[in-house]
Amino acid sequence: MIEIGREEERVILAGVDSGDGQSAEESLRELSELTGTAGAVPVGMLIQKREAAHPATYLGTGKLLELSLLAEETGATGVVCDDELSPAQLRNLERALNVKVMDRTMVILDIFAARASTSEGKIQVELAQLRYRAARLTGFGGVLSRLGGGIGTRGPGEKKLEVDRRRIHERISVLKAELSQVERHRETTRKRRERNHRPVAAIVGYTNAGKSTLLNALTGAGVLSEDKLFATLDPTTRELPLPEGESILLTDTVGFIRKLPHHLVEAFRSTLEEARYADVILHVVDASNPSMELQMHTVYETLKKLEAVGKPVITLFNKADQFAETPVLRDFMADAALVISAKTGQGLSDLKSLLARKLKEQKIFLERLYPYAEAGKIQLIRAYGQLLSEDYRADGISVKAYVPPELFGRL
């Protein structure tokens, strides 16, 4: 019996250190994790220090020769560059190295394609992939397209490049229409939550910080939780009961990462914008990661791009179980911070109390005497607010409560 196994992809990682404060070595280590998640085996690394990537070949001539020799020595079948390559860079590198060349964006898109499980996730990933490919179709462009003109469009007709481009753009149009339907459904769900005055907390953070583990620990959601980059892509919303009889909806979001491809940001915008419409943002941080500060900066920059600013932020320094002694951790960008372990449950009761307190801060204190004819309003307070006391008197019902601002006018 002949066993046919999948050929192992051996790749060399290449990056440019432009001295902009970003650690090229740390970025390549992360790229190594990404390529491992995508199913390739990194067999070497190469970094060039220069002001900017070479516009034609990404790396300079000397480093390109060094990379070629390293590929031969290690038996590498491909090279992965740490930045998004232009079509010219991609083409020139493949000619010079005579091996498959990929960039960071291609690897992330490949991981997303493997991880997407819902129809929405699959549409978003395919749309991002097609947009990426459309920008990289190379050839003679429109020069050879329908040369003759006139009756029957005399001439050579469409070349393969033009056919490919047309098919890609047709498929993009179909996917955008499908995605807009999904977005309308998501918008309807959001409006329903607003009408029902349901508070929402969006769980955001760098990939593999423990967002899904936290959601599972708090709500028993049963979401896939693995020690991998981008283990889950599809957002999940679950209800979390809070002290004093309140509850909040928790929504998990796609993990952020440095150099997150703009194609993915655009395709996943409706999913990522859960943070924009949330009442509270839970920022989960992997406190055991040496690059914790840089990862936190990346999350805040991504939130800024999504216009998810001005919201109360609670930073959760996760994975406290990995420390013998809990370190002093601070986030000056957040309204509050807690050290937790989603794995062991440490700090989760404090988180629930803090969430209840934050929600109360967003509500308005109401003290009013309602005539018995308006007793139905007290049911509204019970359903969407926090009823502190009710005293039945001869002239009506005296009520003290905290209510959502949007409900205050009706009460």
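Here are some notes on this predicted model, point by point.

1. **Ground rules.** The model is predicted, so local features need pLDDT of at least 70 and side-chain atom pairs count only at pLDDT 80 or more, while totals for chains, interfaces and linings use all residues. Residues are numbered from 1 along each chain as its sequence is written, and side-chain values use heavy atoms, with hydrogens and water left out.

2. **Names for the pieces.** Helices (H or I, at least four residues) and strands (E, at least two) are DSSP runs, numbered from the N terminus. You'll also meet "buried" a lot: that means under 20% relative accessible area, with exposed being over 50% and partly exposed in between (1.4 Å probe, protein chains only).

3. Let's start with an open sheet of six strands, in the order β6-β7-β5-β8-β9-β10, with mixed pairing. Two strands count as paired if DSSP finds at least two bridges between them. At the edges sit β6 (237-241) and β10 (336-339), each pairing on one side only. On average, neighbouring strands of this sheet are turned by 25° against each other, direction ignored. (Axes are lines fitted to C-alpha atoms, for helices over the stretch in contact, and angles run from 0 to 180 degrees between N-to-C directions.)

4. **A closer look at β5.** Strand β5 (residues 200-205) runs parallel to β8 (residues 280-286), joined by five bridges; Ala 202 stands opposite Ile 281 there. Ile 203 has Asp 252 of β7 as its bridge partner.

5. **How well covered is β5?** Six of the six residues of β5 are buried, so the strand is largely enclosed by the rest of the structure. In a regular strand the side chains alternate between the two faces of the sheet. Here both faces are covered: one side has Val 200, Ala 202 and Val 204, the other has Ala 201, Ile 203 and Gly 205, all buried.

6. **A helix across the sheet.** Helix α7 (residues 211-219) lies across β5, β6, β7 (247-252), β8 and β9 (313-318). It runs at about 150° to β7.

7. **Helix α1.** This helix (residues 24-38) has 15 residues and reaches 21 Å from its first C-alpha to its last, close to the 21 Å expected at 1.5 Å a residue. The expected span is 1.5 Å times one less than the number of residues. Its buried residues are Ala 24, Glu 26, Ser 27, Leu 28, Glu 30, Leu 31, Leu 34 and Thr 35. What covers them includes β1 (9-17), β2 (40-49), β3 and α4, where contact means heavy atoms within 4.5 Å. Just after α1, Gly 39 takes a positive phi of about 105°.

8. **Helix α3.** In α3 the buried residues are Gln 89, Leu 90, Leu 93 and Leu 97. They cover an arc of only 100° around the axis (going by the directions from the helix axis to the C-beta atoms), which puts them on the same side of α3. These buried residues pack against α2 (61-74), β3 and β4 (100-103).

9. **Charged pairs.** Side chains of opposite charge can pair when their charged atoms come close. A salt bridge here is a side-chain nitrogen of Lys or Arg within 4 Å of a carboxyl oxygen of Asp or Glu, and the count comes to 16 salt bridges. One of them joins Asp 82 and Arg 104, with the closest N and O atoms 2.6 Å apart. That pair links distant parts of the chain, 22 residues apart: Asp 82 is in the loop between β3 (78-81) and α3 (87-97), and Arg 104 is in helix α4 (residues 104-115). Both residues, Asp 82 and Arg 104, are buried.

10. Glu 301 and Lys 304 meet in a salt bridge at 3.4 Å, N to O. Both lie in helix α10 (residues 292-305), three residues apart, about one turn of the helix. Glu 301 counts as partly exposed because its relative accessibility is 32%, while Lys 304, at 52%, counts as exposed.
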